[in-house]
Amino acid sequence: MLLTAGVIQSQAQVEFTALSFSDKYPKQNQKINFTYNKKYSPLVKEEGVDVVVYEFTSKGLRVEEPMLTKKGDLYSGSFTVDSNTNAVLFGFSYKEEKDNNGKSGYIVPIYDAKNKIVPGYYAVASTIHNGYGEYLTGMPNSKEKSWAVLEEAVANDPALKKDNSFINAYISGLSSNKKTEAIPAELEQYEKKGNLTESDYNFLSFWQGRLKNKEKADALTAAMKAAYPNGEWVKNEAATAFNKEKDVAKKQQLFNDFIAKYPETKETKQRIDFMRQQLATSYAAAKDYTTYYKILNEIDPAMQASLNNNLSWEMAEKDENLEEAKKMSWQATSYAQKEVKTPSGPKPETMTKKNWEEGRKRSFAMYGDTYAFILYKLGDYKNGYTFAKEAAGINEMKDPEYNERYAMLAEKVLPAAETKKLIEGMVEEGVSSSKTKDILKTIYVKEKGSEAGYDKYISALEETANNRKKAEIAKSIIKEKAPAFNLKDFDGNEVSLASLKGKVVVVDFWATWCGPCIASMPGMNKALTKYKDNPNVKFLFVDTWETVDDKLKNAKDFMTKKNYPFHVLMDTKDEVVGSFGVSGIPTKFILDKEGNIRFKSVGFNGNDDALVFELSTMIEMAGM
């Protein structure tokens, strides 16, 4: 018997040390009073407490931020449970410090009138333990706890396996816990329940395809089409044909046909707007900007801004149609600037007020950074500098990419001494890119008359940042046994973790469709080159979460095109990525010589030098 957080007994109430409720069995449409005792939490030494209540409903995530009343170490508040809520997750924090209940999370089931946990709770709780909780409250992923929730659910109520949302989570749990041998029987049993919905057919077909049962998958798809001749699949196929079409005239005709058959409604607007985005992009690629803007004006303003920003950035990088790029970029930038001051709509239910405000500011920073880059290309350094400075400032001067544009434009409008001081600060804080350092080198050479002494000068500046970063990395060291795996590489050779005992291993989870993964590859290549002659360090690049039919060919073609000398392993069933508890890619794990995970690095901040330094430090520490 499980449980998720605190002490739970089957169908009984949750109990926490630091958190208590007015009703031990919270129900839908009920006001819940709660009390948080800071004395029994990691926040005990903090000045205050902030709380976010995440309600997981059948319609999606709903966020509440209750007001707290303080009395000594006790903080009290209340909220009303939504009519569709299945589970609640509490997030307690103060500034950077978080309390996630000893890594188990403050997960609260919702109960029915008989004080039994509502059926929808289990799939939600499993998801919280397998990604959502980490994203929202910082509680670590745990495939063991995620699976335990599902096992408890089946033990309490085997009939849950007939529920679509639950069986989806259950089959995924079997897969991630390497219990794939049990999946065929579960799929067969689910199919036998009869009265299958279109969603049911899609679910069954997907998993049969994953199990390489193509004939069965195709039969299920055919049965779905026969049972639902006017189902969503018809729209999906029409949209897929539209997506694949490259000829702009044919693409326009497919769009016209789609609109004629499925007139725009409130429910279909988002799908149709995405199609309009693609169509507009095709016209822009053909340099038919008149039609591009005509279609663009039919799209939601936020989507307009996003599309304009993406296209104008690409045009600026290629030095193409810069005046047109400037026009597009200004639409995006001015829109985002207005949204910061006066939002055009209410706060989304899925976001906290803080995240909503920060999100609007960061959108303005991103679009303003693009606009600054275009102005730089056009030689309008003064105006470009204003936007670049603001964009970097919104990101608290911590993003190397934004700082790079700021430095480029500062060099053009500020005295050399002032620009030098600005970039020195970036280098000392470890937030400068290679290009930013090149600007500093140019200023140094002009000032000194030669490169003499530059290496010593830049090393002294970098030492401050490096020492600080090393201290931060040392604090993040862990020791967890890495999941065993056996995966094949491009040549069909099987590579096991056991075979790499005695080496420090870097495992990088990536995918061909993942932008940040691809952006990090030059830095990963630099790190690989640094250790290429060290027999005690091994880099493995695990291709995962691909959706194409021929995953091996897809990955091979990608690496051939990019020409990276990476040792790629194929996680075709997405089992290894699940066993490592990965919730987003790129994610890198650094394993010591005994096969223990010592470090985990998620994402990429755009700074190759920082990535190489981080990995090098982790490798050295893991090899001690």
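Me: In which order do the strands of the open sheet of 4 strands stand, given its antiparallel pairing?

Reply: A strand here is a DSSP run of E of at least two residues, and a helix is a run of H or I of at least four, both numbered from the N terminus. Two strands pair if DSSP finds at least two bridges between them. With antiparallel pairing, the 4 strands of this open sheet have the order β1-β2-β6-β5.

Me: What kind of model is this, and from which number does the residue count start along each chain?

Reply: The model is predicted, so that local features need pLDDT of at least 70 and side-chain atom pairs count only at pLDDT 80 or more, while totals for chains, interfaces and linings use all residues. Side-chain values use heavy atoms, with hydrogens and water left out, and residues are numbered along each chain, as its sequence is written, from 1.

Me: Which residue of β6 stands opposite T69?

Reply: Strand β5 pairs with strand β6 (residues 74-80) in the antiparallel sense, over 3 bridges. Within β6, the residue opposite T69 is S76.

Me: Where does N29 lie, and is it buried or exposed?

Reply: N29 is not a glycine, yet its phi is positive, near 60 degrees. The residue lies in the loop between β1 and β2 (31-37). Buried means under 20% relative accessible area, exposed over 50%, and partly exposed in between (1.4 Å probe, protein chains only). Because its relative accessibility is 58%, N29 counts as exposed.

Me: Which residue of β9 is the bridge partner of L89?

Reply: Strand β7 (residues 85-94) and β9 are paired in the antiparallel sense over 4 bridges. Both faces of β9 (residues 106-109) are covered, with Y106 and V108 buried on one side and I107 and P109 buried on the other. In β9, the bridge partner of L89 is I107.

Me: Which element gives the largest share of the lining of the second largest pocket?

Reply: A pocket is an open set of points on a 1 Å grid over the protein atoms alone, with protein on both sides within 12 Å along at least five of seven lines; a cavity is a set where a 1.4 Å probe fits but cannot get out, and lining residues have an atom within 4 Å of a point. The second largest pocket has a volume of about 1,000 Å³, where a volume is the space filled by probe spheres set on points joined across faces, edges and corners. Of its 31 lining residues, those closest to the centre are G209, R210, T547, V548 and D549. The largest share of the lining, 7 residues, comes from α6.

Me: What is the volume of the largest cavity?

Reply: The structure holds 1 cavity of 30 Å³ or more. The lining of the largest cavity consists of S175, T180, W207, R210, L211, K573 and E575. The volume of this largest cavity is about 50 Å³.

Me: Which strands stand at the edges of the open sheet of 8 strands?

Reply: This sheet has mixed pairing and the order β10-β17-β16-β13-β14-β15-β11-β12. Each edge strand has a single partner, so one of its sides lacks a neighbour in the sheet. The edge strands are β10 (480-481) and β12 (494-496).

Me: Which residue of β17 stands opposite I590?

Reply: Strand β16 (residues 587-591) pairs with strand β17 (residues 596-602) in the antiparallel sense over 5 bridges. In β17, the residue opposite I590 is F599.

Me: Why is the disulfide of C514 and C517 assigned its hand, and which hand is it?

Reply: A search of the whole structure finds 1 disulfide, the term being used for a pair of cysteine sulfur atoms within 2.5 Å. The sulfur atoms of C514 and C517 are 2.3 Å apart, and both residues are buried. Because the torsion about their S-S bond is about 80 degrees, the disulfide is right-handed.

Me: How far apart in space are P535 and C514, C-alpha to C-alpha?

Reply: P535 lies in the loop between α19 (515-530) and β14 (537-543), and its relative accessible area of 56% makes it exposed. P535 and C514 are 21 residues apart in sequence. In space, C-alpha to C-alpha, they are separated by 30 Å.
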